[in-house]
Amino acid sequence: MSPDAKGMAVPPQLALIHKLGSLQPHTWSTGLILRGAALLGLADHLADGPRTGAELAEATGTHPPSLARFLRACAMVGVVERVGSDSYALAETGRLLVSDGPSLRAFVIAVNGPGLMRPWEQVDQALRTGRSVAVDTLGTDLWSYYARHPAEAFQFLESTIPVSRLTALLLTSLIDLSGVGTVVDVGGCPGVMLADLLDSLPAARGVLLDLPAMIPHAEKIIGSHPAADRITFTGGDFLASVPEGGDLYLLKHILGDCDEDAARTVVGHCFAAGAPGSRLLLVDWVTSDEPSFAQVTDIDAMVCCGGRIRTGPELIEMLAEAGYRQVRRLAVPGQENDPLAIIEAVRP
Ligand SMILES: C[S@@+](CC[C@H](N)C(=O)[O-])C[C@H]1O[C@@H](n2cnc3c(N)ncnc32)[C@H](O)[C@@H]1O
């Protein structure tokens, strides 16, 4: 036993309990508290100023005593802060959960939803076998699970919108896209990035390929986008083929969900479908020696899809092996070590 400040012996079990605070073995609950707050729309209900617990229960249609307890938990993770005896105001983290404008609301809902969470229950099994545990935990692969759970699939697609918008902005500022007639977005749902890109290419048209069950969600999400009528929605399987005739192929956050064979197959189909001179733009998370959330996303990819978040050089090599030339990672000013990589390649 080690002595405490007064020289008394501290039983090792007690020392272990003191460690619980720093170990935080139930950190998962933070994500689920955020998800609960996002699903209830707490941030929106507090946007105009503090409200009492009773007012919030009425606005959210919840059981008042249960919500009172949940609000205390929300205060613990910084979604709300208590003002006065029974009122709550939006706190800093909570402001990220508003539904209007740039927001992480859809992200915390999807990433903590059953489809992406349940495979983590058997992370040990995935580590033992080196394979996804989606079938063991969801009863089917992730994408078939989403086909059977359309509301959750819709939430998943909504969660991708902020990064899609950012990527479209980056692509239009980093690359000369003039002369591009047809853009094919492979696995491109919900289509926000494609539609935003087409906005800056008024003479171009787009083809969005995704699984048939996802297409109606994409049509709903970008139906009112000014460029929507220049997009052809195509239900299909990128492991079987990719639409031909694109001047520009987009593969955003696809390869990370693919094992080695599948990743090479998709890249090969893009290569085969494009004419000489066509380009491929690969956008994906990459791991490096720098700690980043990509290292956790890598385990997401492992447990949910049997995929892998690769390094930038690995992705560049994969494209070069497929036959692409002039393969290079684009420098995003101020984000040299960012886990989001944009790689451009030209089909000779
Ligand atoms: C991680 S999401 C990325 C979506 C989008 N590219 C983005 O970055 O926001 C993967 C997408 O690939 C689609 N997908 C998965 N397997 C597919 C397949 N075999 N054929 C076509 N699409 C597929 C999914 O439905 C989903 O829309």
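In helix 4, Gly53, Ala54, Leu56, Ala57 and Thr60 meet Pro64, Leu67, Ala68 and Leu71 of helix 5, contact being defined by C-beta atoms, placed from the backbone, that lie within 7 Å. By class, this contact of helix 4 with helix 5 comprises 7 nonpolar, 2 polar and no charged residues; Ala, Val, Leu, Ile, Met, Phe, Trp, Tyr, Cys and Pro count as nonpolar, Asp, Glu, Lys and Arg as charged, and the others, Gly among them, as polar.

The structure is a predicted model, in which local features need pLDDT of at least 70, side-chain atom pairs count only at pLDDT 80 or more, and totals for chains, interfaces and linings use all residues. Residues are numbered from 1 along each chain as its sequence is written.

The axes of helix 4 (residues 53-60) and helix 5 (residues 64-76), lines fitted to C-alpha atoms over the stretch in contact with angles running from 0 to 180 degrees between N-to-C directions, come within 9 Å and cross at roughly 110°. Helix 4 is therefore roughly perpendicular to helix 5, a term covering angles of 65 to 115 degrees.

The protein has 18 helices and 12 strands, taken as DSSP runs (H or I, at least four residues, for helices; E, at least two, for strands) numbered from the N terminus. Buried residues, those with 20 or more other C-beta atoms within 10 Å of their own, C-beta atoms being placed from the backbone, make up 39% of the 348 residues.

The shell around the ligand divides into 8 nonpolar, 5 polar and 4 charged residues.

Conventions
Parallel < 35°, antiparallel > 145°, perpendicular 65-115°, else oblique. Contact = placed C-beta atoms within 7 Å. Buried ≥ 20, exposed ≤ 12 C-beta atoms within 10 Å, placed from the backbone.
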